[in-house]
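Trainee: Could we go through this structure together? I would like to understand its strands, loops and open spaces.

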Amino acid sequence: MTNPSTSQPASTSTALDRVAALRIADYDYPLPDERIARHPLAHREQCKLLVYHRSNGDISDGHFADVPRLLPAGCMLVYNNTRVINARLRFAKATGSVIEVFCLEPLLPRDYEQIFQTTGSCTWQCLVGNSKRWKQGALSQQVTIGDTTVTLTATRGEQRGNAWEIRFDWDCGVTFASLLDAIGEIPIPPYLNRKTQDCDSIDYQTVYSHIDGSVAAPTAGLHFTDDLLRQCDQRGIRRRELTLHVGAGTFQPVKSDTIAGHAMHHEFIAVPRTLLAELASTDAPVVAVGTTSVRTLESLYYIGQTLEDNPDADEQALTVTQWMPYTTPCRIDTRRALTNIIDYLDRHHADTYMGSTQLMIAPGFRYRLVQGIITNFHQPQSTLLLLVAAFVGNDNWRALYDHALASDYRFLSYGDAQLLLP
């Protein structure tokens with residue numbers, strides 16, 4: 001496993017101070033409203049593609065359909081197989097008020113797969129819109145699933161920051177997944193400034209999504225088609241999957257002057273043992289599709305280093321916290337870190353590592369697994385833009401965005417793409 005990027009900072013305290021002091025205003029750019037894509041192109045793969053080579057700073061233009069031939073020969077293409085759920089539920093009160101309940105993450109049961117198959121009741125952490133109109137009591141609505149009429153109720157419990165514990169109860173023995181499919185809405189990003197439409201149920205899913213759990217799409221993958229994936233196979237590009245369930249925090253703006261005041265959200269990750277073993281044994285370039293795949297892959301080093309010091313660490317100890325890369329002295333190489341996770345899985349007779357990450361990637365971060373990134377064009381002053389700046393260089397991200405603005409690229413979730421190469 002080749003470790004790209006810069007050397008490890010000599011002082012972790014200095015590294016943290018330097019990263020925490022980054023001013024978010026320095027990661028701003030003018031984004032006219034008309035440059036925000038409200039819908040994808042009819043043919044996803046025909047979107048524009050900006051290609052950037054870190055080795056020489058070269059910028060060129062193409063189309064996403066060119067990706068299979070542009071990827072490094074023999075590389076490993078890693079993407080996020082999460083599927084966006086119909087997380088937005090609307091309950092109408094007798095007064096006429098509409099309360100919006102936005103499911104963020106499962107609480108009881110905590111396992112994603114289990115909660116979607118639950119019948120009768122479950123509890124989620126949710127955002128509540130128009131919450132002032134929900135003073136007391138349960139909300140309810142009826143929904144028809146097949147020939148069955150189901151009554152769903154929502155009861156508000158303890159407040160957790162800006163979210164609430166919401167207990168859902170229903171009759172007739174259908175699964176919660178069936179309820180979401182019947183009455184929920186795909187939660188498209190707020191910056192699209194429009195209501196969810198029927199087409200979003202297809203447009204806002206990648207063609208390889210199959211693990212339910214996200215409330216936002218890993219949008220870099222929206223450009224792939226089945227035919228493009230077949231072309232990757234024909235060129236000997238290894239396609240591999242992992243899971244990060246994207247939370248609503250992905251849209252959370254940085255409101256503090258420096259990133260020291262911004263709290264990253266926790267997100268569930270799952271990485272198969274087979275992928276860990278392949279990453280540990282290959283010297284082939286690893287190209288991550290989207291920032292969620294990047295954050296999952298780069299979290300692995302810190303999980304493995306925690307296990308180096310504490311092989312019996314529990315789930316909480318293994319959680320990758322936001323500042324860990326800037327406060328943790330790195331004493332082992334990437335291959336050793338990955339092997340530590342594999343050994344941990346073997347000791348627990350598990351075939352998939354499942355955990356949580358809060359990782360923030362910002363200029364000053366050392367990339368350890370990812371040598372290439374496919375991504376979209378992100379919001380000004382966002383943590384996603386910080387991640388790109390950390391990869392291409394703190395002085396280079398603006399050149400890419402200036403080029404895209406001057407070349408009529410489309411921005412954000414349904415917009416055009418970048419291929420960032422070694």
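Mentor: Let us begin with a definition: helices, of at least four residues, and strands, of at least two, are DSSP runs numbered from the N terminus. Please keep in mind that this is a predicted model.

Trainee: Where does Asn130 lie, then?

Mentor: Asn130 lies in the loop between E7 and E8. Its phi is near 60 degrees, which is a positive value in a residue other than glycine.

Trainee: Is Asn130 buried, partly exposed or exposed?

Mentor: Asn130 has a relative accessible area of 39%, so it is partly exposed. The class runs between the cut-offs of 20% for buried and 50% for exposed.

Trainee: What is phi near in Asn193?

Mentor: Phi of Asn193 is near 55 degrees, again a positive value in a residue other than glycine. Asn193 is placed in the loop between H4 and H5. With a relative accessible area of 65%, Asn193 is exposed.

Trainee: And which residue is found in H5?

Mentor: Ile202 is found in helix H5, which covers residues 200-203. Ile202 is exposed, because its relative accessible area is 59%.

Trainee: Turning to the peptide bonds, which one is cis?

Mentor: The bond from Leu108 to Pro109 is cis, with omega near -5 degrees. Pro109 is in the loop between E6 and helix H3, residues 112-117. As background, most peptide bonds are trans.

Trainee: Now the sheets. In what order do the six strands of the open sheet come?

Mentor: The order is E5-E6-E7-E10-E9-E8, and the pairing is antiparallel. Strand E5 (88-92) and strand E8 (139-145) stand at the edges; each has a single partner strand, so one side of each is left without a neighbour in the sheet. From one strand to the next, the twist averages 40 degrees.

Trainee: Over how many bridges do E8 and E9 pair?

Mentor: E8 and strand E9 (residues 148-160) pair over seven bridges, in the antiparallel sense. One example is Thr144, whose bridge partner in E9 is Thr149.

Trainee: Which helix packs on the sheet?

Mentor: Helix H4, residues 176-183, packs on the sheet and touches E5, strand E6 (98-108), strand E7 (121-129), E8, E9 and strand E10 (163-170). The direction of H4 makes about 90 degrees with that of E8.

Trainee: What holds paired strands together in general?

Mentor: Strands of a sheet pair through backbone hydrogen bonds, either parallel or antiparallel.

Trainee: Which strands pair with E14 in the parallel sense?

Mentor: Strand E3 (residues 76-80) pairs with E14 in the parallel sense over three bridges. Strand E16 (residues 372-376) also pairs with E14 in the parallel sense, over three bridges. Met76 has Val286 as its bridge partner in E14, while Val287 stands opposite Gly372 in E16.

Trainee: Are the faces of E14 covered or open?

Mentor: Both faces of E14 (residues 286-289) are covered. Val286 and Ala288 on one side, and Val287 and Val289 on the other, are all buried. In a regular strand the side chains alternate between the two faces of the sheet.

Trainee: Which strands form a hairpin with five residues between them?

Mentor: E1 and E2 form that hairpin, and Gly57 in its turn has a positive phi of about 75 degrees. Strand E1 (residues 48-53) and strand E2 (residues 59-63) pair in the antiparallel sense over five bridges. Leu49 has Gly62 as its bridge partner in E2.

Trainee: What about open space? What volume does the largest pocket have?

Mentor: The largest pocket has a volume of about 1300 Å³. It is lined by 48 residues, and the closest to its centre are Glu105, Tyr112, His266, Glu267 and Phe268. Among the elements that each supply at least two residues of the lining are E6, E7 and helix H11 (334-347). By class, the lining has 23 nonpolar, 16 polar and nine charged residues.

Trainee: And how many cavities of 30 Å³ or more are there?

Mentor: There are two cavities of 30 Å³ or more. The largest cavity holds about 70 Å³ of space. Its lining includes Pro40, His43, Arg410 and Tyr414, and divides into five nonpolar, four polar and two charged residues.

Note on methods:
Residues are numbered from 1 along each chain as its sequence is written. This is a predicted model: local features need pLDDT of at least 70, side-chain atom pairs count only at pLDDT 80 or more; totals for chains, interfaces and linings use all residues. Side-chain values use heavy atoms; hydrogens and water are left out. On a 1 Å grid over the protein atoms alone, a cavity is a set of points where a 1.4 Å probe fits but cannot get out, and a pocket is an open set with protein on both sides within 12 Å along at least five of seven lines; lining residues have an atom within 4 Å of a point. Grid points are joined across faces, edges and corners, and a volume is the space filled by probe spheres set on the points. Ala, Val, Leu, Ile, Met, Phe, Trp, Tyr, Cys and Pro count as nonpolar, Asp, Glu, Lys and Arg as charged, and the others, Gly among them, as polar. Two strands pair if DSSP finds at least two bridges between them. Axes are lines fitted to C-alpha atoms, for helices over the stretch in contact, and angles run from 0 to 180 degrees between N-to-C directions. Contact means heavy atoms within 4.5 Å. Buried means under 20% relative accessible area, exposed over 50%, partly exposed in between (1.4 Å probe, protein chains only).
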